[in-house]
Amino acid sequence: MSADIVAGTAQTTAGGLHSRLFNRLLEFGLLPVLLVVMVVVFAVAEPRFLAMDNLENIGRQSVYLLLITMAQMLVLLCAELDLSVGATVALVSVITALTMSSVAGGGTSAIILGVAAGLGVGLLVGLVNGVVVAYLKVPSFMVTLGTTSVATGAALLLSNGAPVTGIPLAFSDTWGTGVFLGLPVPIIVAVLVAVAVYVVLYWTTLGRNIYAVGGNADAAKVAGIRVNWVLISAFLLCSGLTALSGILLTARVASGEATLGTSFVLLSIAAAVLGGTSLFGGEGRLGLVILGVVFIGVLSNGMNLLRVSSYVQQLVIGVVLISAVALDRLRARR
Amino acid sequence: MTEPCEPLLRVENLTRRFPGVVALNDVSLAVAPGEVHVLLGENGAGKSTLIKILAGVQPPSSGQMMLEGRPVSFASPREAKEAGVSTVFQELSLVPTLTVTENLFLGRLPTRGGLVTRRGLPALAKEALDRVGAEVRLDARVGSLPRSAQQLVEIAKGLMGSAKLLILDEPTASLGDRESDQLLALVKKLSAEGVSVIYITHRLKEIAQIGHRVTVLRDGNYVGGLGPDDEIHDNNRLVELMTGRKPEKLYPRSPRSTGEERLVLQELHAAPDVNGVTMEFRAGEIVGIAGLLGSGKSSVGQACFGLSRVTGGKVVIDGTEVTRITPTMALRRGLVYYPSDRKRQGLALVRPMYANITLGSLGPAGVARFGMVNRRKEQATARAHVKRVNIRPGDVNRRAELFSGGNQQKAVLARGLLHDADIHIFDEPTVGIDVNAKADVYRVMDDLAQAGKAVVLISSDLPEILGMSDRVYVMHDGRVAAHLEGEAITEGSVLASFFGSKTNDREIKV
């Protein structure tokens, strides 16, 4: 009898400690722990993993996903979703390349016009997404699924399904593979953008309003926030950053491709949620989201080094995404 | 009822804790077979928590329940129902797009070989509806029925099977006079058939009509009860038990001086239930708008703030007519609306307290310029206002959802105060909060009136209307049924107008 009680007490304390630990993990996320474990595993299994040029590789490869994940995060914070980021990358790439190749001479003016056209078409997609979501109250999941199809169709139509060549060499040399102060240019761009997103999220009224709208749109409205404007701004920023990523990617591959970027939809949501961004809106920290991107970058790089087949990689990413979403639910239920 | 018999339900030492609050503290009660047991208490007294536990929606933190002498614990509403405890909540559990019959058999449609069979259902449904006296078509979609009919369908559904105990949560709150009388007659009939009823109401006169026993809760505690031997309709005693303090202490009244007109409504029509309302609100006074649920009183406030569509008439703020009102515009013109549903319209619960206080008011509070936020100033401002409205605990970085209802309500209050507006419309500001938080809310309202602001108090809480208002508009059916001032504001005069009967002798012409 008394032994039972003692055993019972011991169990409760163990349970208490266990659940305290669990709560801590839920609060900060499992992410930092998992990341460290993963790095150690890869480093042991493949010494080349920690080599300087491989680390730079990870950085180079993650830049595009980082930009799009931050974009996705802005929309997720509003309790919305942008499935059109992948198609936007494709359309932006084709439009940018077509514009550049059609400007005679192909000098700086071609580059500027091409970038402007790419950004413009990206923002247009964002405008449509934002306006339809905000004013017509159509679920963003549906709207962006629609714009995905439209953008993909347009990209394939305009490029005839083939890579668009004729991009000025200077463009890909600088923005694709260029190095400035010893750092790859795309990485510099991503860092600057990350700082800008940080400022917007934490130090501007717009950022606050994005969190507020995602936290409770009705309350935000009653508090005097123009909810529709906030939603449109978020979708515009999202598409703008996605377009930027598409332009940098075009420079990197030195051609306009209608097949570029399809994997970004899943990966950007996975990275953002992995970094603790709530699918229900109003919650998410930029630092952790960047860590989420690093996680995905390290994971795919490591698997590549270990010659894991791309089929298996796809499978692993899916499992990671579902685990991240399940964790998000657990946290919400708490 | 007179001979002592084994109670149908006995509840002992029931306690329910939530983070930061004890919603129900060591409450015991017993319900005899066929007894109508009235549960009385202010909003936030713990009534809802108690019936949620009885209905199997929530488990208690401690304590036990005995049904017919056997200890029971319900893990789900379904288990409670199978044991014979049926609950009709205020938010009905019907599916509006399904028919009456389908709703009655929701989740337990008989099947044959895996397929739903409808044979025999109409007869059973008819029988169930006849029992409660509901005259509705079996194939009508529930969403197309009036509220009173829906309520009867819900009760009929609850009584199907073998309900021994029926719990009704304010069943007459949204019903008219005639429909209420029907419902009370039904409760009497069920009681005579031997069904026990736990009946929650705010209408004291219903107690005398149907009640056998009354239990009063306050701030989660059992504070007293009246049995068959007592004068069960001793209203003064009941009100004293419910509020627990002398009215003048709870409702402050500093000297106020009435100034110019701030807000005027002329023949205002607004969706969904305002049909021609003329009112005026002056600086330095608190004006109550009383009325039952569905009387249109909440829509009046929402229309002024752009949350309900104005379909006719005028809204005049400081002498200027405003059209196509939006919340942003109303705030800019100095009109603040404090929503009744703080969880739905008031707070972003996942956000920290400071962000909720400065929500939408970063500019007006002077902590943001040109769209850039001064975070240090923001924290300081939030702290100052947490102190001003007495939010506890005072940690502004805690998430809003971790605060009690009363403190959440005060956060909504603090945010409104940041706007330094001249017109303050409070919509049910004390629903579901404890007495001390109420006192804080009333103090803020009194301060505002004293400072020369126009304060509007929309409320279903009669003592609060009586205690706070300088003038009262009573609404019925989307119109002003009475306009009372000073001495004329009495429980009797307000109550009489709730149901539309004009109290001409007391009515004041504007």
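Which residue in β14(B) is the bridge partner of Val264(B)? In this predicted model, the partner is Glu280(B).

Strand β13 of chain B covers residues 261-270, and β13(B) and β14(B) are paired in the antiparallel sense over seven bridges. As a general point, strands of a sheet pair through backbone hydrogen bonds, and the pairing can be parallel or antiparallel. The two strands belong to an open sheet of four strands in chain B, in the order β14-β13-β16-β17, with antiparallel pairing. At the edges are β14 (274-282) and β17 (320-322) of chain B, each of which pairs on one side only. On average, neighbouring strands of this sheet are turned by 15° against each other, direction ignored.

A helix joins the picture here. Helix α10 of chain B, made of residues 297-304, lies across β13, β14 and β16 (310-317) of chain B. Its direction is at about 115° to β13(B).

**Backbone details to look for**

Strand β13 of chain B also holds Glu267(B). The phi angle of Glu267(B) is near 45°, which is a positive value in a residue other than glycine. Is Glu267(B) buried or exposed? It counts as exposed, because it has 11 C-beta neighbours inside 10 Å and a residue with 12 or fewer is called exposed.

Asn390(B) is another residue with a positive phi, about 65°, although it is not a glycine. You can find Asn390(B) in the loop between α14 and α15 of chain B. With 19 C-beta neighbours inside 10 Å, Asn390(B) counts as partly exposed.

| Cis peptide bond | Omega | Where the proline is found |
|---|---|---|
| Ala271(B) to Pro272(B) | near -5° | loop between β13 and β14 of chain B |
| Arg392(B) to Pro393(B) | about -5° | loop between α14 (375-388) and α15 (405-417) of chain B |

**A helix with a buried face**

Now follow chain B along to helix α18, residues 491-498. Which residues of this helix are buried? They are Val494(B), Ser497(B) and Phe498(B). If you look down the axis of α18(B), its buried residues fall within an arc of 115°, so they line one face of the helix. The elements that cover these buried residues include β15 (286-290), α17 (462-468), β23 (471-476) and β24 (479-485) of chain B.

**Domains and the partner chain**

Stepping back, chain B is divided into domain 1 (9-247), domain 2 (248-334 + 421-510) and domain 3 (343-419). Notice that domain 2 is written as two stretches, 248-334 and 421-510. Taken over C-alpha atoms, the centres of domain 1 and domain 3 of chain B are separated by 38 Å.

Chain B also touches chain A. How many residues of chain B are in contact with chain A? There are 26, and they are in contact with 20 residues of chain A. On the chain B side, the elements that give two or more residues are α11 (327-332), α12 (342-346) and β20 (372-373) of chain B. Sorted by class, that side has 15 nonpolar, seven polar and four charged residues.

Key:
Residues are numbered from 1 along each chain as its sequence is written. Chains are lettered from A and ligands numbered from 1 in the order in which they are written. This is a predicted model: local features need pLDDT of at least 70, side-chain atom pairs count only at pLDDT 80 or more; totals for chains, interfaces and linings use all residues. A residue is buried if 20 or more other C-beta atoms lie within 10 Å of its own, exposed if 12 or fewer, and partly exposed in between; C-beta atoms are placed from the backbone. The arc is that of the directions from the helix axis to the C-beta atoms. Two residues are in contact if their C-beta atoms, placed from the backbone, lie within 7 Å. Ala, Val, Leu, Ile, Met, Phe, Trp, Tyr, Cys and Pro count as nonpolar, Asp, Glu, Lys and Arg as charged, and the others, Gly among them, as polar. Two strands pair if DSSP finds at least two bridges between them. Axes are lines fitted to C-alpha atoms, for helices over the stretch in contact, and angles run from 0 to 180 degrees between N-to-C directions. Domain bounds come from an automatic or database domain assignment.
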